[in-house]
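Please keep the sequence and the model in view while reading.

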Amino acid sequence: TELSSAGTLADFVTWCEKKQGGLLKVWRMLDKDSSLSLSKQEFVKGCAGLGWKGDLKQLWTILDRDHTDMVSFIHFAPEAALDLAGFKHWAEEKFG
């Protein structure tokens, strides 16, 4: 249900903040090849390795919004992704 999905996502975000130092830090630990995307295998193995005890299947379903069997950085941490895009734009304008 939508309510349990919201709870799962909220629990994950809280866990990332309190136990791992934030969403961006967790992303960097999961995305070992710096591709800005995670396969289901990378995600499940990485979250389990970091100690996430929540419902990985439901969390994956929430994050794989476009049903491509990949989670992109913008789906994982939208605010951080927008900040990164803004910084990239600024750097390109300023430095070419």
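In which loop is Asp69 found? Asp69 sits in the loop between α4 and β2 (70–72). The model is a predicted one. Asp69 has a positive phi of about 65 degrees, although it is not a glycine.

**The chain as a whole**

The protein chain holds 6 helices and 2 strands. Read from the N terminus, its elements follow the order α-α-β-α-α-β-α-α. Along the principal axes, the C-alpha atoms fill a box of roughly 45 × 25 × 25 Å. The chain has 96 residues, of which 31% count as buried. Among contacts with a separation of 6 or more, 48% come from residues 24 or more positions apart.

**The loop between α2 and β1**

Leu36 belongs to the loop between α2 (23–30) and β1 (37–39). Leu36 is not a glycine, yet its phi is positive, at about 65 degrees. With a relative accessible area of 45%, Leu36 is partly exposed, because the value falls between the limits of 20% and 50%.

Asp31 is found in the loop between α2 and β1. Is Asp31 buried or exposed? Its relative accessible area is 5%, so Asp31 counts as buried, the limit being under 20%. The side chain of Asp31 reaches the backbone nitrogen of Leu36 at 2.8 Å. Neighbours within four places in sequence left aside, Asp31 is in contact with Leu36, Ser37 and Leu38. Between Asp31 and Gly7 there are 24 residues in sequence and 24 Å in space, C-alpha to C-alpha.

**The end of helix α1**

Gln20 lies in helix α1, which covers residues 2–20. Gln20 has a relative accessible area of 16% and is therefore buried, since this is under 20%. The side chain of Gln20 reaches the backbone oxygen of Leu50 at 3.3 Å. Leu50 is also one of the residues that Gln20 touches, along with Trp15, Lys25, Val26 and Met29, when residues up to four places away in sequence are not counted.

| Side chain | Backbone atom reached | Distance |
|---|---|---|
| Asp31 | nitrogen of Leu36 | 2.8 Å |
| Gln20 | oxygen of Leu50 | 3.3 Å |
| Asp55 (oxygen) | nitrogen of Lys57 | within 3.2 Å |

At the start of α4, a side-chain oxygen of Asp55 comes to within 3.2 Å of the backbone nitrogen of Lys57. The buried residues are Leu56, Gln58, Leu59, Trp60, Ile62 and Leu63.

How do α3 and α4 pack, and at what angle? Helix α3 (residues 40–50) and α4 pack at about 135 degrees, and their axes are 11 Å apart. The crossing of α3 past α4 is right-handed. On the α3 side, the contact is made by Lys40, Phe43, Val44, Cys47 and Ala48, and on the α4 side by Leu56, Leu59, Trp60 and Leu63. The residues of this contact divide into 8 nonpolar, no polar and 1 charged.

Conventions. Residues are numbered from 1 along each chain as its sequence is written. This is a predicted model: local features need pLDDT of at least 70, side-chain atom pairs count only at pLDDT 80 or more; totals for chains, interfaces and linings use all residues. Side-chain values use heavy atoms; hydrogens and water are left out. Helices (H or I, at least four residues) and strands (E, at least two) are DSSP runs, numbered from the N terminus. Buried means under 20% relative accessible area, exposed over 50%, partly exposed in between (1.4 Å probe, protein chains only). A polar contact is a pair of N or O atoms within 3.5 Å; within protein, one must be able to donate a hydrogen and the other to accept it, and residues adjacent in sequence count only if both atoms are side-chain atoms. Contact means heavy atoms within 4.5 Å. Axes are lines fitted to C-alpha atoms, for helices over the stretch in contact, and angles run from 0 to 180 degrees between N-to-C directions. A crossing is left-handed if the near helix is turned anticlockwise from the far one by less than a right angle, and right-handed if clockwise. Ala, Val, Leu, Ile, Met, Phe, Trp, Tyr, Cys and Pro count as nonpolar, Asp, Glu, Lys and Arg as charged, and the others, Gly among them, as polar.
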